[in-house]
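Please keep the structure open while I talk.

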Amino acid sequence: MQIQLVMLKRFKYARFIAVFLGTVYGCAPLYAQRAQTTVERNEEAQQVNELYKRGKWEEGRKLAESNLKSSPRDADMRMLLGKYYLHHKAFDKARYELVKSLDYVPSNVESKQMLVAVETETKRYSSAICYINELLEVNPYWKGLWRKKIGLYRDMGNHVEADRLLKRISQIYPEDAELKTDHTYVLQQRSDEVRKSGKIDQSIAMAKKVVDEKPRHADSYLAVIDNYIKAGDYNNALVYSERALNQFPGHSQFIQKKVAVLEQQQRYPEILDFLNSQMKGGGSVALKNQYSYFLLEAARNAKNNDPANLYGKIFDGSPAHTEAFNHVFNHLVAVQQYDEALHVLAKHRSRVGNRKELDMKELMVYKRMDNQAKVVGLTRAYFAKYPNDVDLRDAYVDISLQRAKQNLQDGQVAAAIFDWQDAIQYGDPASIAIAKQGIYNAYITDKRYADAIVILDELLLEQPGDRDIRNKKADLYYKQGRFEYALMLYAQLMEGASDYDKPRYLINYAELAAPVVKDLRGDYKIDQAHAFVERWLAVDPHNQEALLAMINMNEQLKDYDAMFHYAQIAAFQHKTDMLFKIKLAEAMNHQSGQLPASWELLRNQVVDHAYHEPLVKSFSSTTARYADTLLKHKDHALALSVIDTALRYDDNNKGLKYTKGLAFEGLKQYDSAYYYQKFYDPSLLELNDFKAHLLYLSQRSHKNNVSIAHLRARYGDNYEISTISSVEYSRSTAAGSSYVGRVHYAGRDEGKGVQGQFEWNKPWADRWSTRADIALSNKYFARFTINAAALYVWKPTWELEGGVGYRNFFSGENMFNLNLGATKDIGDFKLSAKLNNYYLNGQGNGNYLYSLVTRAQYFMASPKNYILAVASVGNSPDNDLLDYQLYNSFNVFNAMVGAGVGHSITRNVSASVLGTWYNFHTDKSLVNAHYRNLYNLYFQLNVSF
């Protein structure tokens, strides 16, 4: 015994040292590895594991292999790749990757566990045991590993080592059911071996162990009983027979075993009692025959020595005799002759009168008879008769509790509550607590929540610090729809809650608050829902559902500052939650000047999460808003770059493609603009305008354009018509420049006049462009004309123009001009004003002249479809009239008004018409100077190809 104790102590010390060393040895590399592993790798490993969990094994493998290309010594990725091969039963590849993982991190527990599985599947049991031993060094009390190791030894045929290990682990875990089963099986095998050897004492010992291990196994009891009978130990044989009958009532073999043992000891009365009990409610013929046989044997044995017979004769002669009554009554009860016992009791009571002890004996008999109805009736009656009897009171309370439980199960809630109230009136504190809990449950079943709250309040008076009761009370307030009270109670519970309990209360609070908020939002009671979420966040400021609800509601309420505030909090608290990054970006979209930062935030995320659909959708939406802003500011190149970035991840987004077409239109790349704007799906109301704009883009996308124009002019006091016809050819380049050649022709009484003109337009930057033209004529027009202008986009909707020019007339006069103009875009309107400053010299003098021209143009779907209004005033005709030389009226009043319209006819053809009315003062130096009117109609047809 001492040697075993010493060995046990040594085993405990050795086990402690092994645990300590294993822990230190196993943890040190892990900490070293953690120190070297970045947060990004951990996240990547989590992504692979998450893909495996969702059954996306191939995506997980590809991600692991991609990470190994950049970090071939990443032990986690090796382990995850091994996990993939193990799942697909590629054991050789799995072994290779898992061993590599251990080369880099020898303490990787998960790799060793998977290697155990690999080596077991490939029947390399010794290697599997080696890996199990390494795992047990770190965790010596890993029961599953011990059982796995024992199983491997059995697979190897080493039953001696397996039995030794099973005994050892059973000592460490004496209460474990699985180990008990294993141990019992081994004992059964050994017991069979001993029994076959004929060693009675050893057989008894082994059989008893089997009974202790497997008390529900009938053969085990039979083995013990038979061995005791063989050994002549009838007392123990009887003990185990009775134990067997307790486990297996009515079992024929155990009945016969007990009868045989009792017969051997000549204990006939016990045999008769036993057989009588077995024959209740009927019995087999064999049992009845046995009973008759042993009854005869008992009669022969007892003859006239039975005291019961003697006292029975006394009681028959004197029923009031107390001693005889007690003996006869007790004997009848002992032999379970309850009806006869009741008859004797009634006979005695009729002679001696009612007494408490007789009432208690009657109650006891009915309890023995298991006549519950009678027991309940007598208990209630006798408790009313003897209210100070403690036993009766306890029995009455127990009966009330049982009846209440049964009534509740039968749906008789009112009757159950009445019984519980009786228990509360007469019961002890424990019974009262049970009864109150029962009444509470009954009220809940009957949905009488107000009454249930009253019960909880009573319980709180007795147990003011009970948090479970407060929790139930909060639930009832919630069921009543009194949400504010429910949430207030939960908030109070959390104030004093321990760190262990607080998370549970926070979860319960969220489960109560979330449906309330959802219902309020569903009923469009946004203000009330907002107030609830504010209280929720005051209790649990980190709750993701509450933060998301607050962000969304502030967006509904258009409180974008609050939306941005909560989105910042959520994104900071939950850095890995992509939804909050998306919400932060959406909130930034509503902040002045934050669109670029919002776009950049989403771009950085979508690079690493290209298949995250909500992220890509939000990125596309933000890109559309950002691009629209850039287009409004005429930053077409940056808008195009932004859109192209988004289309990498959302290449089928028609809205982005349409916006890309607008950017190309701003860059005057009309062929690309036409291609991308075709992706737009217009509504029925937009369809005609959309088609018209596509016609315009189609026309502008052509490099060549031919225009034919005709001007008809007539003075108001003269029916003679003057005409000028023009032909123009223009060529556009890919860089946006254009070259224009024009020829104007005028035929009059004095002859024919022709003017040739060349014009060059060149964009130099996104905001700067220039225009220059030169013209020569032989008659009627200005002899020589040259002009140059620079245009600058000052603001997104403003364009400034400055130009200079020179004209030489056939009259010998020279004119210099300085032009200053501005154009403003207002939606579909374009308004412009230009101040033309002239200096005219000739014939020995010089004059300063001016003309102020205004223009208003309304575009209908495209720049080719418009309505135009023009007007000018000054002491000189405007530029166009000076070029056509229809009249020269300088340094006197000149005014003009006009209107026109333009329209795209087909994909290649457009036309326009403009009518003007000039009113001017003739030369005031003349005696008959007066005002004259000039009416012009200007027709133009354009063909692009």
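The lining of the second largest pocket draws at least two residues from each of α2 (39-53), α3 (57-70), α32 (578-589) and α33 (595-608), where helices (H or I, at least four residues) and strands (E, at least two) are DSSP runs numbered from the N terminus. This is a predicted model, in which local features need pLDDT of at least 70 and side-chain atom pairs count only at pLDDT 80 or more, while totals for chains, interfaces and linings use all residues. Residues are numbered from 1 along each chain as its sequence is written, and side-chain values use heavy atoms, with hydrogens and water left out.

To stay with that pocket, α2 gives the most to its lining, with 8 residues, and the space in the second largest pocket comes to about 1200 Å³. It is lined by 25 residues, and Glu 43, Gln 47, Leu 63, Asp 608 and His 609 are the closest to its centre. By class, this lining holds 7 nonpolar, 8 polar and 10 charged residues, with Ala, Val, Leu, Ile, Met, Phe, Trp, Tyr, Cys and Pro counted as nonpolar, Asp, Glu, Lys and Arg as charged, and the others, Gly among them, as polar.

As for terms, on a 1 Å grid over the protein atoms alone, a cavity is a set of points where a 1.4 Å probe fits but cannot get out, and a pocket is an open set with protein on both sides within 12 Å along at least five of seven lines, lining residues having an atom within 4 Å of a point. Grid points are joined across faces, edges and corners, and a volume is the space filled by probe spheres set on the points.

By that rule there is 1 cavity of 30 Å³ or more, and the largest cavity has a volume of about 40 Å³. Its lining has 13 residues, with Ser 872, Ser 876, Pro 877, Asp 878 and Asn 894 nearest its centre, and the elements giving two or more residues to that lining are β11 (862-874) and β12 (894-904).

Now to the charged pairs, where a salt bridge is a side-chain nitrogen of Lys or Arg within 4 Å of a carboxyl oxygen of Asp or Glu; the count comes to 20 salt bridges. Asp 92 and Arg 95 meet in one of them, at 3.1 Å from N to O, and both residues lie in helix α5 (residues 91-104), 3 residues apart, about one turn of the helix.

Glu 119 is buried, with a relative accessible area of 2%.

Elsewhere, the side chains of Arg 771 and Glu 801 meet in a salt bridge of 2.8 Å, N to O, which joins strand β5 (residues 768-777) to strand β7 (residues 798-808) across 30 residues. Arg 771 is partly exposed at 25% relative accessibility, while Glu 801 is buried at 18%.

Technical notes. Buried < 20%, exposed > 50% of the residue type's maximum accessible area, 1.4 Å probe, protein only.
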